[in-house]
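Please look through the structure shown below before reading the report.

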Amino acid sequence: MMNDGAMIPISLVLIPVLFSLLNLAIPSHKARKIVTYIGGGVIALLSFLLWLKTPIQVSLHPNVNSLIILLDYALIFYFLKEGIVYKHRTIVSLTTVQLVLLSILVAYFHTESTYFIVDRLSAVMALIVGTVGSTIAVYSTRYMEEGEDLNRENRFLSVIFLFLGAMNALVFSDNLEWIFFFYECTTFTSYYLIGYRRDELSIRNSLLALWMNQIGGIAILLSAISSAYIHGTILVQELIKTGALLPISLIVIGAMVKSAQVPFQSWLLGAMVAPTPVSALLHSSTMVKIGPYLVFRVSDVMDGTTLGSVVALAGAFTFTSALVMALSQIEFKRLLAYSTIASLGAMILCGGIGTPLAITAGITLLVFHAVSKAFLFLEAGISEKEFHAKTLEELFGLITKGPITAWMITFGAIAMALPPFGMFIGKWILIQAAVISKQYPTLFLLVFGSAVSVIVYMKLIGRVLAGRETERPRKSESLSPTYLITTLVCVVAIAILTLFYTSFANSVIEKVTEDIIHKSLIESGIREKGLGLILNAGRIDSWQLLLLFSLAFALPILGYFHTWRKADLVYEYTCGEPIEPNLGAYYFLDKLNDEHLSRIFNPIASVFLLLILLMGVL
Amino acid sequence: MDFLLPASLLVLSPLIGGLLEGTFRKLNARMQNRVGPPIVQPFYDLFKLLQKRPILINNYHVIMAYAHLVAMVIALATFLLGGDFLLVIFFHGMSLALLSMGAYGVRSSYSQVGATRELLHILAVEPVLIMIAANLYLNTGTFLLSEIFNSNFLFKSMPLAFLALVAVLPAKLKKSPFDVSEAHQEIIGGPEIEYSGPFYAPIYLAKWLEEVLSAGLIAMFFLGNPVITLIAISVTFTFVLAVDNSTARLSYWDMVKYTWEISIPLVLVNLVLNYVGVL
Amino acid sequence: MSIFALSRVKSPWILHYDTGGCNGCDIEILAVLTPRYDVERFGMINRGNPKQADVFLVTGPVTKRCRERLINLYLQVPEPKVVVAVGSCACDGGVFRNMYNVENGVDKVIPVDVYVPGCAARPHQIIDGVVKALEILSKKTKENIELPEYIKERFPSLNDRRKVLEEMRKR
């Protein structure tokens, strides 16, 4: 463990806090914009530096421990106050339980170790937070200029930066007590940001998010207590070495709550009433990735055990059920939320299987999902503010009003579902891993889900693309530079990461996998060949990748720029009638209404949760 | 030598596909006790389409037709050149998704309904094929077709998986009872309705290539003796055509339910039998 | 004959439209498509939509209501195309000649290439007519886009099929 570069993790936690305080203090919107740009750039640069300098171990001053415990109690009392103010009995009772458990932990099992341990998994998480998070923070400065109260914007930006700092600190912590504190910090930021608009719906949904996330916090506390009681340590790295299953299963449950897996999915769906940058940052790219992060952290222990198979099955069940429920969604952001839940289920599935191939698939999904989903949410925000289109019905024919946005949404949906992009490659490797590890029930659910995901995204593309040549606008819509820059950054990132996936896999993903499974990767058999990838049982060749990549990029570019000059233009076939058809989309509401379905799926998922707990005990 | 046969098959695949499609139409006609068109009829159709005046509704609707063809060529090339079987399945699904994307791109009622139904075809076909791939892995230890093609007579150890494939072939080839996306007289051709002339030609060509791919999938189970392979392909296709001529069209929900209630259990039973060692 | 002209003759796809007749000729046309008369040996398929058709089979004495729809469908068929008027009603009005609600035949609205008389026209005659139409089709190219006389009178300023269709949509 090297110690140079020790300042980088500390600065990655403290600099966001600094920018948070700056944003809180500055009254002018333009000045806050500049500060956000600078802050975003600094954080992104620091996270790149961090990746280059891992692994790092930083030992902090012992007083930091006491500070964190103090802040922890303050946070819990704040939640208690909120519960009392809103007369919410569940929050009050859950907070009291947390208070009791924390006190037990602090009194009996306190430890003096104060480390930030940064291995490559933490570094890649910090990289995602730094790059995607900064892009979204910059985007939100422009987003908040339309229709939101600019006077309160300082609190919004400051809480976003606070979240970036808390998230970084969580992935650097080794101590379960600290992980609990930063977990609850992210719960606090989520609670504040969901309720930011201060109308009745937002407040109700923020309270829902609060108590559901508190259940996760209780799971982490119970894991810490059990780990300390049975094995005498609350440090994660030591816990993994002992191979204990009960604390691990409790951590997994905490992870599942944070990732809004079924049966906890309602808080994430309710969180979509927040402003779109919140949905993009917290509820798709970064905060909900805490779930897969924790599962990957402990996946080495679960490799080959029944607990691992049950976790994989639970992840696969979430994957399929969330996508099936996504088929009937009419609101754009709810559709994206269900798709996020499904992808997180796939990542937890990877962690549950635990073989090197599966972990590679999981990290691929993690990175690509963060970028692609953030991109889609940014586009959702643009269509919400510029075109006042929140539902799929209002998005119909967007290509005649805003061709750039329509083609961006198309590109984003293609990047989520079709070859050669990273989500597809992750899914392909995952299916290979599931077949090789003989996890047939998981495979059964996985293949269904992957077919449904294609349907969900193609339907989305279909709504925005319906148009006529005769209605092509003379000029495309003019988007503000901030919107253009942030979305183009995402497009370029997706393009580069996809085209050079193999070298990205070799230099980044493989190293992360090695750190997770604590072995070197020679026996997993992933080799690169040109631009293609050779696995033990499968192969993707460079010519396939190149052809598909050019196809995927030729589609939006040609669609936007090319016209056939020699062809006649006609209208659609309406049996000769001169009518204008009024077209809706299939929502399968008679068969797939998500309220009915969640009544079926939630109990099944709860059974999985109980099984996870059981496997941990036995 | 190793590379020559697949490459020449790939180059000749439009020719083979056209003759295959013509044979289908002739067989169909003979089953209905009539004469039917000549076997080279699909080529006449293709050349006729190429010389029509181009008319279109919007440009990306047409671009998606070409993208559909390109994706189907990529899927067929991956299959013939011995790539990864999972990739073949996914690329085939991608080409259907591109067609439905194109069909969604026009504001025509039939086109939109057809596009949604085309996506449901993917839902019906892809899971079964992936489970068959899992079964193949259990039997041969790899997903790479170049090694699967070296195995002999897989039918002996995977008869139920082959039956599941045959059960899914009507949904793949768009023949009754599962031709829900191209429902003539119901939605008049579904996703293909707004294409005409030189812009319909790529879709027509892609259909031939899909038939070549299906023939390849059937052949995969009967390798070793070329005569047996050809007999197997002919018998299976004749059976599919007979089913086409004698059944009516079912609804899209029935198609999805049918594959899930019949095909997937067949493959799962085969998997279990292979795992236990009976087959 | 070049390969294209040959294929034009060998693969004519049909669009069938009834402009208000008694359906007798329509039943005969459907009979032509059945296995007994088997018109598919000439390569003919009944595609339901005009964009994929070459031969436009019209029956019925064009009623005033069907006039616009007939023109709409005719304009959507891409060149080269032939129109076959099947039955006496389509030729010159037939039983309904000089009634207040008919146009007295298809050629008052769109240009017709082959007339197949009969009430109802027998399947053999229909096949004969279509084969004659194929001879005419082999000489056509995709370049002459002829707007019907009727349209040129009504919309003298429009020379584009899309503009005509757009005008007609405004009714």
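**Chain C**

The model is a predicted one, and in it the secondary structure of chain C comes to seven helices and four strands. Read from the N terminus, these elements follow one another in the order α-β-α-β-α-β-α-β-α-α-α. The radius of gyration of chain C is 16 Å, close to the 16 Å that the globule rule gives for 171 residues, so chain C is as compact as a globular protein of that length. Along the principal axes, the C-alpha trace of this chain spans about 45 × 40 × 20 Å, and buried residues account for 47% of its 171 residues. Among the contacts in chain C between residues at least 6 apart in sequence, 79% join residues that are at least 24 apart.

S3(C) pairs in the parallel sense with strand S2 (residues 55-59) of chain C, over four bridges, and the bridge partner of C:Val55 in S3(C) is C:Val82. S3(C) also pairs in the parallel sense with strand S4 (residues 114-116) of chain C, here over three bridges, and C:Val84 stands opposite C:Val114 in S4(C). Together, S2(C), helix H3 (residues 64-76) of chain C and S3(C) make a right-handed β-α-β unit.

**Covered elements**

| Element | Residues | Buried residues |
|---|---|---|
| Helix H12 of chain A | 276-285 | ten of ten |

In H12(A), the buried residues include A:Thr276, A:Pro277, A:His283 and A:Ser285. What covers the buried residues of this helix includes helices H5 (120-143), H6 (153-172), H7 (176-194), H11 (266-270), H15 (332-353) and H16 (356-386) of chain A.

Elsewhere in chain A, A:Leu547 is found in helix H23 (residues 542-561). Why does A:Leu547 count as buried? There are 20 other C-beta atoms within 10 Å of A:Leu547, and a residue is buried if 20 or more are found within that distance. The C-alpha atoms of A:Leu547 and A:Pro420 are separated by 9.0 Å, although the two residues are 127 residues apart along the chain.

**Where chains A and B touch**

How many residues of each chain take part in the contact between chain B and chain A? On the side of chain B there are 50 residues, in contact with 48 residues of chain A. Strand S1 (55-56), helix H3 (59-80), helix H4 (85-104) and helix H5 (109-140) of chain B each supply at least two residues of the side that touches chain A, and H5(B) gives the most to that side, with 14 residues. By class, this side of chain B has 33 nonpolar, twelve polar and five charged residues.

Strand pairing also links the two chains, as strand S6 (residues 568-569) of chain A and S1(B) pair in the parallel sense over two bridges. The bridge partner of A:Leu569 in S1(B) is B:Leu56.

Notes. Residues numbered from 1 in each chain as written. Chains lettered and ligands numbered in written order. Predicted model: local features only at pLDDT ≥ 70, side-chain atom pairs only at ≥ 80, totals over all residues. Contact = placed C-beta atoms within 7 Å. Nonpolar A, V, L, I, M, F, W, Y, C, P; charged D, E, K, R; others polar. Pairing = 2+ DSSP bridges. Rg over C-alpha atoms; globule rule 2.2 N^0.38 Å. Buried ≥ 20, exposed ≤ 12 C-beta atoms within 10 Å, placed from the backbone. Right-handed = clockwise from strand over helix to strand, strands pointing away.
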